[in-house]
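Work through the exercises below with the sequence and the structure side by side. Each task is followed by a solution in steps.

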Amino acid sequence: MNVSSVQKLCIHLISSAFQRCRLSKDLCRLSVVLKSSLTTPVILVSISDTGIGSCLEEFQDLKYNREGIGNEKWDGLLSVKTTSTSDNEIYNYHLNLRENVSSRRLTRLPSNPKNGAKFSGTEVYLSISDTIDALLTEINRFFQKSVAAELVIERGDASGVQRENVFLTNECIPLHFSASNVERLKSGVEEYVLRHGNSLNNKCDSCFCYREQLKIGSGVACSMESHGSSGLMMEAVIIISELSESPCFRSCSNKTEVLHFKDFSPCSVSQASLNALTSIDWRSYGLTLGSVVDQVDHALIGWESLPPHIRIHMVLHHYHKQYPTSCYQGKYKNQPDRHLIKKAVKLALDDLKEKHTGLLLSAHAVKICSYAPDFASTIAGIILSSNDSDFQSECISLLGLLHSPEIEGETIEDCIKEKIISVIETKDKKEKSKEAAPFLFEDDCPQDTYFEEYEEGEDVFSSLE
């Protein structure tokens, strides 16, 4: 990673701490402390966590950008303390990123004994010349629900040090600390949509009065683990909001921002991601792709003929299943390929179709559904025009209706139409199982099986429920 600003450096360090907490089997705490005083313009930044200990290789990819930062803001020095549960000592290091020779970057300092205590954690601290307010905006987003997060600001003035604890609360449904990464991602994207983007303090009640108005689908795909690969995870979350009147979305509903994350940090859009989004058969989900444009920090999808009351949101996130270690360092596949990204997005779309009947119907299914009223009217006419009362009773019974002299033809016709549309919608779903779509009538006829077809190259990936 090329460190071009102190803000990006702090984000990277917090992201690494987040990963260490994620891989711990216990509830963890992540703390960021910012200290300043009137006597000096220097801010002391401390980022600590109680996750697994650091293996130090995570710092090897950091590259100091003198032009982007400048020596007047940061001297390129990091101080690191780390220990694992199995260690008997707390190890101390100095890391000089200004040193071009990698073997000279790391200096090991005397260790501190743990005196038999069993704990793990890491603390990284540095000194920078900047303002606290300049750091806060970028730091806030990393305080998520998976760790107990604490943001502390210490300001010095003439009366002494003033300590301010800032706890960033979230109105999302609370998640258990053992919740999966994709569940946490879904919760975060949901909150992002409810607040119309990265607005931490404002929630638009005029558009979303209830969280249940959002339709959410997710998909997870992973590459196979091997001797030279840790297994790359790819997560996709798609949210569809349907609003008849939306003053906020009226002018931009035909576009979708696709946010990208790598190892729990925002990242730029890769060419593989653009290729994957372009290659998906969107028409099989009732969508017509107009364009996919790289906006550096996100991709922008333009849709054709998208109803004005529909807004689509999408987030992609990839990370490694294992924490980087020396045996894997340099061998990791850092970017997912087109097939892995495409797999996750399609799984998220299929998840939406499975959860919400009638949503994302293919263009072919929509066309067939348009014939359902005429077809239902014809079948109802045949049933009602018959002089065979036994035939009528059996047909009405198969439809799940109670036969009576007062039953109206419109009731029979509506029932048949609903069943026809239900069969079409079920058949249109990309079923993961081999269960066939239901028959029009409720009988016990043998059912054929349908198999999902995968494109060439996608069979090397496994999906996670």
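Predicted model: local features only at pLDDT ≥ 70, side-chain atom pairs only at ≥ 80, totals over all residues.

**Exercise 1. Confidence**

State the mean pLDDT of the protein chain and what share of its residues reach 70 or more. Then inspect residues 167-172 and residues 325-332.

Solution. Step 1: the chain has a mean pLDDT of 76, and 70% of its residues reach 70 or more. Step 2: over residues 167-172 the pLDDT stays under 50, and the model gives this stretch 14 contacts beyond four places in sequence. Step 3: residues 325-332 also have a pLDDT below 50, with 17 contacts in the model beyond near neighbours in sequence.

**Exercise 2. Helix 5 and helix 6**

Classify the packing of helix 5 against helix 6 and list the residues that make the contact.

Solution. Step 1: helix 5 (residues 271-279) packs on helix 6 (residues 338-355) at an angle of about 50 degrees, and their axes are 8 Å apart. Step 3: the crossing is right-handed. Step 4: helix 5 contributes A272, S273, N275, A276 and S279, while helix 6 contributes R338, I341 and K342. Step 5: sorted by class, the residues of this contact are 3 nonpolar, 3 polar and 2 charged.

**Exercise 3. Helix 8 and helix 10**

Describe the crossing of helix 8 with helix 10 and the make-up of their contact.

Solution. Step 1: helix 8 spans residues 372-385 and helix 10 spans residues 409-428; they pack at an angle of about 135 degrees with axes 8 Å apart. Step 2: the two helices are therefore oblique to each other. Step 3: helix 8 passes helix 10 in a right-handed crossing. Step 4: residues of helix 8 in the contact include F375, I379 and I383, and those of helix 10 include I412, I416 and I420. Step 5: the contact divides into 12 nonpolar, 2 polar and 2 charged residues.

**Exercise 4. Helix 8 and helix 9**

Which residues join helix 8 to helix 9, and how do they divide by class?

Solution. Step 1: the axes of helix 8 and helix 9 (residues 389-398) come within 8 Å and cross at roughly 140 degrees. Step 2: that angle makes helix 8 oblique to helix 9. Step 3: I382, I383, L384 and S385 of helix 8 meet F391, Q392 and C395 of helix 9. Step 4: this contact has 5 nonpolar, 2 polar and no charged residues.

Terms used. Residues numbered from 1 in each chain as written. Heavy atoms only, no water. pLDDT = per-residue confidence, 0-100. Contact = heavy atoms within 4.5 Å. Axes fitted to C-alpha atoms, helices over the stretch in contact; angles between N-to-C directions. Helix = DSSP H or I, 4+ residues; strand = E, 2+ residues; numbered from the N terminus. Parallel < 35°, antiparallel > 145°, perpendicular 65-115°, else oblique. Left-handed = near helix turned anticlockwise from the far one by under 90°. Nonpolar A, V, L, I, M, F, W, Y, C, P; charged D, E, K, R; others polar.
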